[in-house]
Amino acid sequence: MLPGFTMAEKILAKKAGRERVEPGEIVEAEVDLAMVHDLTGPLTVEVFEKIGAERVWDPNKIVVVFDHQVPADSTRSAELQKKMRRFVADQGIKHFFDVGRGGICHQVLPESGLVRPGMLVVGADSHTCTYGALGAFSTGIGATDMAYVFATGKLWFKVPPTTRVEVVGELPRGVYAKDVILAVAGEIGSDGANYMAIEFCGEVVKRFSVDERLTLCNMAVELGAKTGLVEPDEKTASYLGANPSSMGEVVRSDEDAEYADQRVLDASGLEPMVACPHSVDNVKPVSEVVGTSIDQAFIGSCTNGRIPDLREAARILRERTVSDGVRLVVIPASQRVYEQAVREGLVEVFVKAGAVVCPPTCGPCLGGHMGVLASGERCISSSNRNFVGRMGSRESEVFLASPATVAASAVAGEIADPRDFLGD
Amino acid sequence: MRVEGKAVKFGDNIDTDVIIPGKYLVYTEPEVLAQHAMEGVDPDFSKRAREGVVIVAGKNFGCGSSREQAPIALKHAGVRCVVAKSFARIFLRNAINVGLPVVEADILNEVDEGDVIAVDLSSGAVADLSKGFFKPIKPFPDFLLEILRDGGLVEHLKKRGFGK
Ligand code: SF4
């Protein structure tokens, strides 16, 4: 008998119009949704025009989000955004999230219900793998590939083998989805899942909210993976405001599917984790780095700028203040998250604590604006990358951690253990 | 298809943020991007690369962001080919699409900076002409080789009358 298939294989087979596909095979598949943002969109449009294409294949299946350099921070980005607005209008692109309408692409697409289980989604941004949290096959591509998709609605894919990561046990207090994925990064390494799909499963993942699953899948690319995936369930349905039967095409891996690798992580023994400079797999338990001085703390990004993240940070910052000599930057991932944070009084907590709360944008995550680092400075950040120069100067350092660890560190003025601030 | 150039060596996990830092992503002009190629690890790289070089690197070259500005910057700075132990997948696709040859081969420890490296993509071999060794590499599928031969996906599609 033939072995079963993984979610990734099933979705790609379906979209390629095939019975079955095997890892390593190259197939051409039909794309359900394609996303570009303000930094990759202009290059895509340039290539689109160069290849002589005139109309996009389907203006209802393209999403344009302005999030990286917004509100425009220079005439240069203002011009690029003007160019993209014109393209959107000319092509009649339906889903356009301008400044003040959306937020960070990887929050906007899931929360607006555009991504559904079983879809094949591509985005001109490496963290497009985030949407696998909703059971879609979703991956990042470059601008030329995207121009080809804009023109044809299709793209070639190499079918990835799948690594299965099962998270069991019970998360201890002060330990979050971010700590789980950092622990996985530490174990697998920053190229440990190169070209693969990572399927996250197990009781801990089942208990995770969709927001937490988004954090897990967001960082799949930091392990080299093509996508992260979580099997859709009732939580996915309620997140999408749909019924489990009508939320999309629910695809599950077969019991006897073949995996390239299978790992089990017991979350019960986890501590809050920190990825030290300059690599995401340079992971240590917080206890080993407690006391490291910091200049800046950043809570935001497509990894951890969602409501549960802000709530946890606010729990720690309520009636406390940011330490002298430290800047705390808080950036809600989307307008909706921002609005909710205002409604719940979280923004007030941050402002009172001495944080600066910025409008939804990628901001300092990629060293763009709103808090870039000078030489010799050190930042603890809830984002996903700590490469050399990622948040500014080549001589700055970035530590990655959960929003709770970042908030605790902002209060302490040095890297701190959130468990010391959370009470019981 | 054959390319040749002097070796410039880098280690493991060379990410796209060091290949072209985020602050230059508001530029799409290849010449401007080329001036800042590899700035994150070697600010003088664009000067060194001008005469035509082959980058020899370790594992996971091009990891990180999907920015196509990374292979564009390298190509226009004078990089004729990147030979690495392994590549991050988005970078690999982007490189082929912009017409920058990339091959997987583990030669970093055997090559010295400045050695003349030759790569034959069609037959699938990489050689260090200064040391006189050569290694077979996994040849590319034909359709990817054709894209490279045409100088990238844009030229490839144009040649085939796309958009007409
Ligand atoms: S928040 Fe950071 S990682 Fe996420 S899309 Fe923006 S720049 Fe990329």
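**Starting from one valine**

Let's begin with Val27(A), which lies in strand E1 (residues 26–30) of chain A. A word on what you are looking at: this is a predicted model, where local features need pLDDT of at least 70, side-chain atom pairs count only at pLDDT 80 or more, and totals for chains, interfaces and linings use all residues. Residues are numbered from 1 along each chain as its sequence is written, chains are lettered from A and ligands numbered from 1 in the order in which they are written, and side-chain values use heavy atoms, with hydrogens and water left out. Helices (H or I, at least four residues) and strands (E, at least two) are DSSP runs, numbered from the N terminus.

Is Val27(A) buried or exposed? Buried, with a relative accessible area of 4%. Buried here means under 20% relative accessible area, exposed over 50%, and partly exposed in between, using a 1.4 Å probe and protein chains only. What does Val27(A) touch, leaving out residues up to four places away in sequence? Ala16(A), Arg18(A), Val21(A), Leu155(A), Trp156(A), Phe157(A) and Val159(A). Contact means heavy atoms within 4.5 Å.

Now the whole strand. In general, side chains in a regular strand alternate between the two faces of the sheet. E1(A) shows it: Val27(A) and Ala29(A) point to one face and are buried. The partner is strand E7 (residues 154–158) of chain A, paired with E1(A) in the antiparallel sense over five bridges. Two strands pair if DSSP finds at least two bridges between them. Opposite Glu30(A) stands Lys154(A) in E7(A).

**The five-stranded sheet**

Next, an open sheet in chain A. Its five strands run in the order E4-E3-E2-E5-E6, with parallel pairing. Strand E4 (95–97) and strand E6 (137–140) of chain A are at the edges with a single partner strand each, so one side of each has no neighbour in the sheet. On average, neighbouring strands of this sheet are turned by 15 degrees against each other, direction ignored.

Look at one pair. Strand E3 (residues 62–65) of chain A joins E4(A) in the parallel sense over three bridges. Val63(A) is opposite His95(A) in E4(A).

Helix H5 (residues 143–152) of chain A lies across strand E2 (33–37), E3 and strand E5 (120–123) of chain A. H5(A) runs at about 135 degrees to E2(A). For that angle, axes are lines fitted to C-alpha atoms, for helices over the stretch in contact, and angles run from 0 to 180 degrees between N-to-C directions.

Why call helix H1 (residues 7–15) of chain A largely enclosed by the rest of the structure? Because seven of its nine residues are buried. Among them are Met7(A), Ile11(A) and Leu12(A). Just after H1(A), Gly17(A) takes a positive phi of about 70 degrees.

Helix H8 (residues 210–218) of chain A has eight of nine residues buried, so the rest of the structure largely encloses it. Helix H14 (residues 403–412) of chain A has nine of ten buried, so that helix is largely enclosed too. The cover over the buried residues of H14(A) includes strand E12 (273–275), helix H11 (307–317) and strand E17 (378–381) of chain A. Gly413(A) follows H14(A), with a positive phi near 80 degrees.

**Where the chains meet**

Last stop: the interface. The contact takes 44 residues from chain B and 42 residues from chain A. Together the two chains bury about 3600 Å², 56% of it on carbon and sulfur atoms. Buried area is the accessible area (1.4 Å probe) that two parts lose on being put together, summed over both. Val26(B), Arg89(B) and Arg93(B) supply 21% of the area that chain B buries against chain A, more than any other three residues.

How many salt bridges are there between chain B and chain A? Four. A salt bridge is a side-chain nitrogen of Lys or Arg within 4 Å of a carboxyl oxygen of Asp or Glu. One joins the side chains of Arg93(B) and Asp145(A), at 2.7 Å, N to O. On the side of chain B that touches chain A, H5(B) gives the most, with seven residues.

Finally, Ser66(B). It is found in the loop between strand E2 (53–57) and H4 of chain B. At 4% relative accessibility, Ser66(B) counts as buried. Leaving aside neighbours within four places in sequence, its contacts include Ala124(A), Ser126(A) and Ile90(B).
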